[in-house]
Amino acid sequence: MEKTLSILKPDAVARNITGKVNERLEAAGLKIVAQKRLLLTKAQVGKFYEIHRDKAFYDSICEYMSSGPVVVQVFAGPNAVEVNRKTMGATNPANAEVGTIRRDFGESIERNVVHGSDSQENAVAEIAFFFSQMEIVE
Ligand code: CMP
């Protein structure tokens, strides 16, 4: 079973649509094997999004992701990374296919409901960033 990291962003938590998003991912064949609600500091988000440090949107995404509670999750299932990415849709909701999470619930490229790991390699690192082995129950 492959695993991937998902984050329900502050817009999803504030609008209380976490269940709707989970429903889409579960219907796609994924299972929540770890989950917790966190209020991240800007520094913690900065470390998580380190790969984007040089991008113009870095400061803004760090500010935004620390502006309210998030729910971090590990999803498991066959081809979890790819299935999660397909179900989320493109980063920018305006470019995402109809029926995807971001297209149906996203407000902007920043307030785009969810984060999902973009490769198996990054999934391993992102899961380790937030969870210990003990917190992941398959
Ligand atoms: P995410 O998959 O969480 O990874 C980085 C986030 O930065 C991305 O989703 C978007 O929410 C946000 N972001 C803001 N502006 C941009 C941009 N121009 N390109 C890519 N991501 C952006």
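Exposed means over 50% relative accessible area, buried under 20%, and partly exposed in between (1.4 Å probe, protein chains only). Helices (H or I, at least four residues) and strands (E, at least two) are DSSP runs, numbered from the N terminus.

A word on the model. It is predicted, so local features need pLDDT of at least 70 and side-chain atom pairs count only at pLDDT 80 or more, while totals for chains, interfaces and linings use all residues. Residues are numbered from 1 along each chain as its sequence is written, and side-chain values use heavy atoms, with hydrogens and water left out.

An α-helix has 3.6 residues a turn, so residues three or four places apart point the same way.

What lies over these buried residues?

**Strand S3**

Select residues 70-77 next. This is strand S3, and 8 of its 8 residues are buried, so the rest of the structure largely encloses it. Check both faces. Val70, Val72, Val74 and Ala76 are buried on one side, and Val71, Gln73, Phe75 and Gly77 on the other.

**The partners of S3**

S2 runs antiparallel to S3, joined by 7 bridges. Two strands pair if DSSP finds at least two bridges between them. Find leucine 38: valine 70 in S3 stands opposite.

S1 pairs with S3 over 7 bridges, in the antiparallel sense. Here lysine 3 stands opposite alanine 76 of S3.

Stay on S1. Of its 7 residues, 6 are buried, so S1 too is largely enclosed by the rest of the structure. S1 also pairs with S4, antiparallel, over 3 bridges. Leucine 8 stands opposite valine 114 in S4.

**Last stop: asparagine 22**

Select asparagine 22, in helix H2 (residues 18-27). Is asparagine 22 buried or exposed? Its relative accessible area is 12%, so it is buried. Show its contacts, meaning heavy atoms within 4.5 Å. Leaving aside neighbours within four places in sequence, asparagine 22 touches Leu8, Ile32, Gln35, Gln73 and Phe75.
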